[in-house]
Amino acid sequence: MCGIAGFLDVAKSRPSERLAAEARAMAERLTHRGPDDEGVWTQPDAGLALGFRRLAIQDLSADGAQPMTDPSGRYTIVFNGEIYNFQDLRRRLESEGAGLWRGRSDTEVLLAAVRVWGMAKALDAFDGMFAFALWDAETRRLTLARDRMGEKPLYCGWRGQVFLFASELKALHAHPDFTAEIDREAVAGFMRYGYVPAPRSIFAGIEKLPPGAVLTLSADAPAGEAERGAFWDPIAEAEGAAPFEGGPEAAVDRLEQLLKRAVGRRMVADVPLGAFLSGGIDSSCVTALMQEVADRPVKTFSIGFTDPRFDEAPHAKAVARHLKTDHTEHYVDPNAALKLVPKLPEVYDEPFADASALPTMMLCALTRRDVTTALSGDGGDELFCGYPRYRAAVDKFRGDAPMSPSMMKVTPFGPLNLLSSGLGKPGRFGDKLWRKMSDRSAPSLESLYEGYMSRWRIWDRPAAEPAEGYFRRGARRPRLEDDLQRLMVADALTYLPDDLLVKIDRASMAASLEARAPLLSADVVRFAWGLPSALKLRERTTKWVLREVLYRRVPKPLIERPKAGFEPPLADWLRGPLRDWAQSLIASDKLAADGLIDPEPVRAVWEEHLKGQRNWHFELWTVLMLQSWRETWSV
């Protein structure tokens with residue numbers, strides 16, 4: 001686990017010393033991702049510089065250091081992440097004549113796989129989370145690639161004659177050619193979803209390399225030219241997933257087999273390892289499988305809140321006691337959590353409004369005191385139908401949800417009209433009335449579902465209406481007859497990589513902690529996409545097949561309870577200790593300064609929230625994170 005950065009100057013105008021200095025400056029911004037070591041490599045005649053920061057996980061010796069060049073001298077790489085099946089791949093490569101290993105790192109196996117099999121076959125063989133930049137000295141081409149589900153980040157883009165890339169945006173700021181121009185369409189997406197939807201970043205001309213994508217540039221081609229490809233097409237994978245034809249028990253057996261292998265592979269490390277444990281289905285299942293193969297109690301970690309409405313720590317403690325893990329829990333000090341709020345824009349680099357980022361950062365800091373790597377349950381909801389909103393959206397689109405004739409006659413025109421109407425009860429923006437009207441007028445199930453995933457759903461500034469819709473921007477919708485599966489795939493393409501995986505990557509890396517997600521193993525994903533939704537949502541029981549794997553290890557009463565989020569008491573904080581901070585950020589003159597946001601609907605929502613008439617904390621938090629980010633980065 002590391003941080004990577006670099007650039008390709010196609011003008012070839014920089015001497016070796018300058019190339020190295022600029023790459024080193026970029027990499028230094030990523031020290032939190034790799035506090036153990038650093039490295040820089042340059043190819044002056046190509047205008048190439050690679051920078052690296054290392055968090056040593058596999059092969060802690062100098063043999064695992066990067067940038068790394070293969071024995072032939074042809075390939076040089078900077079690589080962030082893990083190839084979990086590297087031991088199996090190493091044996092395969094040895095059987096095909098590859099040898100001369102210098103150490104035991106997965107980086108070396110990655111290079112050998114590319115050398116022996118070629119890029120396409122190597123990428124297809126990797127089970128891992130990764131983002132890398134690989135230089136081919138023979139063809140003078142630079143290739144960037146990112147893992148299938150988007151666990152590891154990679155930003156890239158052109159600034160004049162220079163192509164820049166890095167694990168985080170903050171590294172790009174360190175390059176002298178970088179300019180920061182806000183992408184107004186990215187702001188529009190952020191206001192709707194609470195995160196900047198890929199492939200955009202908050203800066204014009206800088207993109208997030210999509211999951212499963214490959215980008216190749218030639219040092220001898222003009223600026224702006226690049227070849228785009230993909231080794232993993234999630235839409236095609238979802239459509240072509242082999243249907244599971246066995247019965248319920250066979251499905252549980254198969255998932256258990258796949259998860260055991262995925263967990264086992266992700267427990268290979270040369271540093272202390274543990275697990276996040278909330279007491280929910282996903283993290284409890286991962287922890288239970290870890291404990292089965294561990295030779296000592298697994299170290300588990302959880303965060304609690306003094307407010308019982310948000311506290312899952314007792315559930316985590318009960319599961320830990322049953323599994324006999326070495327458990328550590330920490331109750332959040334509200335003052336300590338509040339002190340983290342101004343740091344969020346620095347940690348996340350671009351506007352990010354998932355309020356659970358705060359407790360996630362605190363959990364990762366707690367975990368890092370004892371271990372360097374932790375397994376998580378990320379992906380379970382999106383793969384195995386964990387969100388009640390899936391069923392609710394399908395029912396509403398099919399017309400199963402009731403709606404009175406009087407409501408059919410009401411048309412909301414905009415945020416102020418709706419807010420001043422007084423219709424509906426407190427809730428998310430647009431409340432119950434808006435949702436019912438939108439549900440009835442939605443042209444597709446995906447369009448209806450987008451309303452569920454939107455914050456500022458009615459926004460009368462034209463630039464704030466994303467043209468591409470909820471699915472991966474620019475991608476077609478999957479041709480799936482299973483409505484529930486279509487929504488799960490939609491989240492796997494959007495909400496999962498752009499929100500949840502961003503949240504855990506930045507929070508863990510800010511603490512120099514590696515987080516691993518066994519549920520996102522390619523084999524598990526393929527199985528889940530081929531599994532009928534009836535084995536995921538069974539008699540209104542969500543994640544049925546995953547629950548059954550868990551119930552073979554943990555009694556039902558320890559797990560069965562309503563689904564809870566991992567969020568702080570944000571609504572109360574905005575009326576209390578964060579009130580002055582929020583007020584200063586959303587003052588009308590600041591919002592109206594450049595016309596990016598209309599201050600009037602924000603003011604109306606803020607006043608209603610302060611009076612306790614409605615809870616608009618999610619909507620307000622979105623605006624506050626945008627404004628706080630702009631102040632932090634002076635843009």
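**Reading burial, a core and a helix pair**

Colleague: How should I read burial here, and is lysine 543 buried or exposed?

Modeller: Lysine 543 is buried, because its relative accessible area is 4%, where buried means under 20%, exposed over 50% and partly exposed in between, with a 1.4 Å probe and protein chains only. This is a predicted model, in which local features need pLDDT of at least 70 and side-chain atom pairs pLDDT 80 or more, whereas totals for chains, interfaces and linings use all residues. Residues are numbered from 1 along each chain as its sequence is written, and side-chain values use heavy atoms, without hydrogens or water.

Colleague: Where in the chain is lysine 543 found, and how many residues separate it from isoleucine 281?

Modeller: Lysine 543 sits in the loop between helix H22 (522-530) and helix H23 (544-551); helices are DSSP runs of H or I with at least four residues, numbered from the N terminus. Isoleucine 281 is 262 residues away in sequence, yet the C-alpha atoms of the two residues are 8.4 Å apart in space.

Colleague: Which residues of the largest nonpolar core touch the most other members?

Modeller: A nonpolar core is a set of buried Ala, Val, Leu, Ile, Met, Phe, Trp, Tyr and Cys residues joined through side-chain atoms within 4.5 Å. The largest one has 180 residues, and Phe132, Phe384 and Trp621 touch the most other members. Helix H28 provides its largest share, eight residues.

Colleague: At what angle do helices H15 and H20 pack?

Modeller: Two packed helices are described by the angle between their axes and the distance between the axes. Helix H15 (residues 388-398) and helix H20 (residues 483-493) pack at about 125 degrees with axes 9 Å apart; axes are lines fitted to C-alpha atoms over the stretch in contact, and angles run from 0 to 180 degrees between N-to-C directions. H15 is therefore oblique to H20, as angles under 35 degrees count as roughly parallel, over 145 as roughly antiparallel, 65 to 115 as roughly perpendicular and the rest as oblique. Residues making the contact include Arg389 and Tyr390 of H15 and Asp483 and Leu484 of H20.

Conventions. Helix = DSSP H or I, 4+ residues; strand = E, 2+ residues; numbered from the N terminus. Contact = heavy atoms within 4.5 Å.
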